[in-house]
Amino acid sequence: MKASTLKNVLLVEDECDIRLLVTMTLSRLGGLDVHAEPSGKGAISYLAEGNHPDLIVLDVMMPEMDGVQTFEAIRAMPGYEETPVCFLTAKVHPEEIRRWHELGINDVLSKPFSPALLPGQIQACWSKWQQAH
(Lines give C-alpha, C1' and ligand atoms only; values in the text may rest on other atoms or scores of the structure.)
Protein backbone atom coordinates (compact mmCIF):
# COMPACT_ATOMS: atom_id res chain seq x y z
CA MET A 1 0.00 0.00 0.00
CA LYS A 2 1.79 3.12 -1.28
CA ALA A 3 1.00 6.50 0.27
CA SER A 4 1.14 9.51 -2.04
CA THR A 5 2.49 11.90 0.59
CA LEU A 6 4.80 11.34 3.54
CA LYS A 7 2.85 11.54 6.80
CA ASN A 8 3.96 8.81 9.20
CA VAL A 9 7.54 8.03 10.17
CA LEU A 10 8.92 5.29 12.39
CA LEU A 11 12.15 6.42 14.06
CA VAL A 12 14.41 3.76 15.59
CA GLU A 13 17.13 5.36 17.71
CA ASP A 14 18.65 4.07 20.95
CA GLU A 15 19.97 7.40 22.24
CA CYS A 16 17.20 9.19 24.13
CA ASP A 17 18.38 12.77 23.40
CA ILE A 18 18.71 12.13 19.67
CA ARG A 19 15.37 10.28 19.59
CA LEU A 20 13.64 13.27 21.22
CA LEU A 21 15.40 15.82 19.01
CA VAL A 22 14.56 13.97 15.77
CA THR A 23 10.96 13.41 16.89
CA MET A 24 10.44 17.07 17.77
CA THR A 25 12.18 18.28 14.62
CA LEU A 26 10.21 16.07 12.24
CA SER A 27 6.93 16.79 14.07
CA ARG A 28 7.26 20.53 14.50
CA LEU A 29 9.28 21.55 11.45
CA GLY A 30 8.29 18.73 9.12
CA GLY A 31 4.63 18.33 10.12
CA LEU A 32 5.05 14.57 10.33
CA ASP A 33 3.54 12.04 12.74
CA VAL A 34 6.52 10.28 14.32
CA HIS A 35 6.48 7.08 16.33
CA ALA A 36 9.83 6.50 18.04
CA GLU A 37 11.23 3.20 19.26
CA PRO A 38 14.47 2.85 21.28
CA SER A 39 15.51 -0.47 19.73
CA GLY A 40 15.30 -2.71 16.70
CA LYS A 41 13.27 -5.22 18.69
CA GLY A 42 10.82 -2.47 19.67
CA ALA A 43 10.46 -1.48 16.01
CA ILE A 44 9.79 -5.09 14.97
CA SER A 45 7.12 -5.40 17.68
CA TYR A 46 5.52 -2.11 16.62
CA LEU A 47 5.35 -3.26 12.98
CA ALA A 48 4.14 -6.74 13.99
CA GLU A 49 1.14 -5.03 15.60
CA GLY A 50 0.10 -3.97 12.08
CA ASN A 51 1.42 -0.42 12.04
CA HIS A 52 2.50 0.71 8.58
CA PRO A 53 4.65 3.86 8.58
CA ASP A 54 5.26 5.57 5.26
CA LEU A 55 9.01 5.67 5.96
CA ILE A 56 11.41 4.22 8.54
CA VAL A 57 14.46 6.06 9.87
CA LEU A 58 16.99 3.69 11.47
CA ASP A 59 20.07 4.33 13.53
CA VAL A 60 22.88 1.98 12.50
CA MET A 61 24.75 1.50 15.78
CA MET A 62 22.36 0.11 18.37
CA PRO A 63 22.85 -2.55 21.04
CA GLU A 64 21.42 -6.07 20.63
CA MET A 65 20.07 -5.53 17.11
CA ASP A 66 21.90 -3.01 14.91
CA GLY A 67 20.38 -1.08 12.03
CA VAL A 68 21.34 -3.60 9.36
CA GLN A 69 19.88 -6.49 11.37
CA THR A 70 16.73 -4.46 12.04
CA PHE A 71 16.44 -3.58 8.34
CA GLU A 72 16.80 -7.23 7.31
CA ALA A 73 14.18 -8.30 9.87
CA ILE A 74 11.78 -5.61 8.60
CA ARG A 75 12.30 -6.69 4.99
CA ALA A 76 11.46 -10.29 5.97
CA MET A 77 8.08 -9.23 7.39
CA PRO A 78 5.09 -9.58 5.04
CA GLY A 79 3.88 -6.16 3.94
CA TYR A 80 7.15 -4.32 4.64
CA GLU A 81 9.25 -5.56 1.73
CA GLU A 82 9.06 -2.18 -0.03
CA THR A 83 8.74 0.29 2.86
CA PRO A 84 11.39 2.98 2.35
CA VAL A 85 14.18 2.98 4.94
CA CYS A 86 16.79 5.66 5.60
CA PHE A 87 19.75 5.24 7.90
CA LEU A 88 20.62 8.13 10.23
CA THR A 89 24.16 7.46 11.39
CA ALA A 90 27.57 8.79 12.31
CA LYS A 91 29.09 5.93 10.25
CA VAL A 92 29.27 7.46 6.80
CA HIS A 93 32.22 5.67 5.20
CA PRO A 94 31.76 5.36 1.41
CA GLU A 95 32.25 1.57 1.41
CA GLU A 96 29.58 1.08 4.06
CA ILE A 97 27.18 3.44 2.31
CA ARG A 98 27.66 1.52 -0.95
CA ARG A 99 27.02 -1.79 0.83
CA TRP A 100 23.90 -0.42 2.53
CA HIS A 101 22.52 0.80 -0.80
CA GLU A 102 23.15 -2.67 -2.23
CA LEU A 103 21.13 -4.11 0.68
CA GLY A 104 18.25 -1.82 -0.25
CA ILE A 105 18.63 1.16 2.08
CA ASN A 106 17.05 4.12 0.31
CA ASP A 107 19.28 6.85 1.73
CA VAL A 108 21.94 7.49 4.38
CA LEU A 109 21.73 10.68 6.43
CA SER A 110 24.66 11.68 8.60
CA LYS A 111 24.96 12.56 12.27
CA PRO A 112 25.47 15.12 13.49
CA PHE A 113 22.62 16.65 11.55
CA SER A 114 21.12 20.12 11.33
CA PRO A 115 17.61 20.11 12.83
CA ALA A 116 16.64 22.83 10.35
CA LEU A 117 17.67 20.64 7.40
CA LEU A 118 16.54 17.22 8.65
CA PRO A 119 12.87 17.43 7.57
CA GLY A 120 14.00 18.29 4.02
CA GLN A 121 16.48 15.41 4.04
CA ILE A 122 13.73 13.00 5.13
CA GLN A 123 11.44 14.36 2.41
CA ALA A 124 14.27 13.88 -0.13
CA CYS A 125 14.61 10.24 0.95
CA TRP A 126 10.85 9.84 0.48
CA SER A 127 10.98 11.52 -2.95
CA LYS A 128 13.82 9.28 -4.15
CA TRP A 129 11.79 6.23 -3.14
CA GLN A 130 8.63 7.60 -4.80
CA GLN A 131 10.49 8.14 -8.07
CA ALA A 132 11.92 4.62 -7.99
CA HIS A 133 8.50 3.03 -7.41
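Author: Buried means under 20% relative accessible area, exposed means over 50%, and partly exposed lies in between, with a 1.4 Å probe and protein chains only. This is a predicted model, in which local features need pLDDT of at least 70 and side-chain atom pairs count only at pLDDT 80 or more, while totals for chains, interfaces and linings use all residues. Residues are numbered from 1 along each chain as its sequence is written, and side-chain values use heavy atoms, with hydrogens and water left out.

Reader: Why is W129 called buried?

Author: W129 has a relative accessible area of 7%. The cut-off is under 20%, so W129 is buried. W126 is buried as well, at 4%.

Reader: What makes W126 and W129 a tilted pair?

Author: Rings of Phe, Tyr and Trp (its six-membered ring) pair if their centres lie within 6.5 Å; planes under 30 degrees apart count as stacked, over 60 as edge-to-face and the rest as tilted. The centres of the W126 and W129 rings are 5.4 Å apart and the planes stand at 35 degrees, so this pair is tilted. Both residues lie in helix 5 (residues 118-132), three residues apart, about one turn of the helix. Helices (H or I, at least four residues) and strands (E, at least two) are DSSP runs numbered from the N terminus.

Reader: How many aromatic pairs does the structure hold?

Author: There are two aromatic pairs. In one of them, the rings of F87 and W100 have centres 5.0 Å apart and planes at 90 degrees, so the pair is edge-to-face. This pair links distant parts of the chain, with F87 in strand 4 (residues 85-89) and W100 in helix 4 (residues 94-103), 13 residues apart. F87 is buried because its relative accessibility is 0%, and W100 is buried at 1%.

Reader: How do you know that a disulfide joins C86 to C125?

Author: The rule asks for a pair of cysteine sulfur atoms within 2.5 Å. From S to S, C86 and C125 are 1.7 Å apart, and a disulfide joins them. By this rule the count is one disulfide. The angle about the S-S bond is -115 degrees, and the link of C86 and C125 is left-handed. C86 lies in strand 4 and C125 in helix 5, so the pair ties together parts 39 residues apart in sequence. Both C86 and C125 are buried.

Reader: Why does I97 count as partly exposed?

Author: I97, in helix 4, has a relative accessibility of 22% and therefore counts as partly exposed. Leaving aside neighbours within four places in sequence, I97 is in contact (heavy atoms within 4.5 Å) with V92 and V108.
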